[in-house]
Amino acid sequence: MLRLYWIDKRNPPLHAVLRLARLGQAISRHERGSVLVEAAFALPLMIVLLLGILLYGGWLMTAHSLQQAANDAARAAVAGMTATERRALVDESVNASRPSFPLPGAQTIGVAANSNSGYYTVTLTYNLSNAPFFSAAIFPMPAAQIQRSAVVRIAS
């Protein structure tokens, strides 16, 4: 006997509805592990991005702090009358800025000062191999040694 009671699509038979409901439940059960798989792909990428932001941000902060220390030392050198006095003022200014330096090993900052035709140049150098934060980097940093200079005009 052929039944033709499912002609109206708005009112399907109950067993067809139940079969579709069971199929939907089976499919939804299989999607539970997809969150774990997606996290396994996304989490390492997010960690590497975060580590990169921290490392490059730390490098830029270190470079900026070194430039500020060079600027302060060059400004302090203007007050000196002789080359010896200027160098003492530069060393004093750099020593005063060491405690506020963002990384350990600020005692290893190299200081160079040079006077040339009415201009006084202060150059500070910091080697990043002394900082454990950068030596553990898993990708290359911009430079292993940061060198920053500041120039001021001195009265002749």
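The expected span of a helix is 1.5 Å times one less than its number of residues. Keep that rule in mind for the second view below. The model shown here is a predicted one.

**View 1. The whole chain, from end to end.**
Let's start with the big picture. The chain has four helices and three strands, and if you walk along the sequence they come in the order α-α-α-β-β-α-β. There are 156 residues, and 26% of them count as buried. The accessible surface comes to about 11000 Å², with 63% of that belonging to carbon and sulfur atoms. Take the contacts in the chain with a separation of 6 or more: 61% of them are between residues 24 or more positions apart.

Helix α2 covers residues 34-77. How far should its 44 residues span, at 1.5 Å a residue? The rule gives 64 Å, and the end C-alpha atoms of α2 are 64 Å apart, so the two values agree. There is still a bend to look for: a kink of about 25° lies at Ala 42 in α2.

Which residues make the nonpolar surface patch of about 320 Å²? They are Leu 45, Met 46 and Leu 49.

Side chains of opposite charge can pair when their charged atoms come close. The count for this model comes to two salt bridges, and here is one of them: Asp 72 pairs with Arg 75, with the closest N and O atoms 2.8 Å apart. Both Asp 72 and Arg 75 belong to helix α2, where they are three residues apart, or about one turn of the helix. How open are the two partners? Asp 72 has 36% relative accessibility and therefore counts as partly exposed, while Arg 75 has a relative accessible area of 51% and is exposed.

Now move to helix α3, residues 83-97. Arg 87 forms a salt bridge with Asp 91, and the closest N and O atoms are 3.2 Å apart. Because Arg 87 and Asp 91 are four residues apart in α3, about one helical turn separates them. Arg 87 is partly exposed, with a relative accessible area of 29%. Asp 91 is partly exposed too, at 27% relative accessibility.

**View 2. Arg 86, a buried arginine.**
Arg 86 is also found in helix α3. Buried means under 20% relative accessible area, and Arg 86 has 10%, so this arginine is buried. What does Arg 86 touch, leaving out residues up to four places away in sequence? Its contacts are Ala 77, Gly 80, Met 81, Tyr 120, Ile 154 and Ala 155.

Thr 125 has its place in strand β2, residues 119-127. At 17% relative accessibility, Thr 125 counts as buried. Apart from residues up to four places away in sequence, Thr 125 touches Leu 66, Thr 108, Ile 109, Gly 110, Gln 145, Ile 146 and Gln 147. Then step back to the loop between β1 (110-116) and β2, where you will find Ser 117. Ser 117 has a positive phi of about 45°, even though it is not a glycine. With 65% relative accessibility, Ser 117 counts as exposed.

**View 3. Gln 68 and Val 94.**
Our last stop is Gln 68, found in helix α2. Gln 68 counts as partly exposed, at 34% relative accessibility. How many residues apart in sequence are Gln 68 and Val 94? They are 26 residues apart in sequence and 10.0 Å apart in space, going from C-alpha to C-alpha.

How values were computed
Residues numbered from 1 in each chain as written. Predicted model: local features only at pLDDT ≥ 70, side-chain atom pairs only at ≥ 80, totals over all residues. Heavy atoms only, no water. Patch = residues over 30% accessible without salt bridge, like charges linked within 9 Å, V, L, I, M, F, W, Y side chains within 5 Å. Areas by Shrake-Rupley, 256 points an atom, 1.4 Å probe, with all protein chains shown as cover. Salt bridge = Lys/Arg side-chain N within 4 Å of Asp/Glu carboxyl O. Helix = DSSP H or I, 4+ residues; strand = E, 2+ residues; numbered from the N terminus. Bend = angle between axes of the 7 residues up to and from the residue. Buried < 20%, exposed > 50% of the residue type's maximum accessible area, 1.4 Å probe, protein only. Contact = heavy atoms within 4.5 Å.
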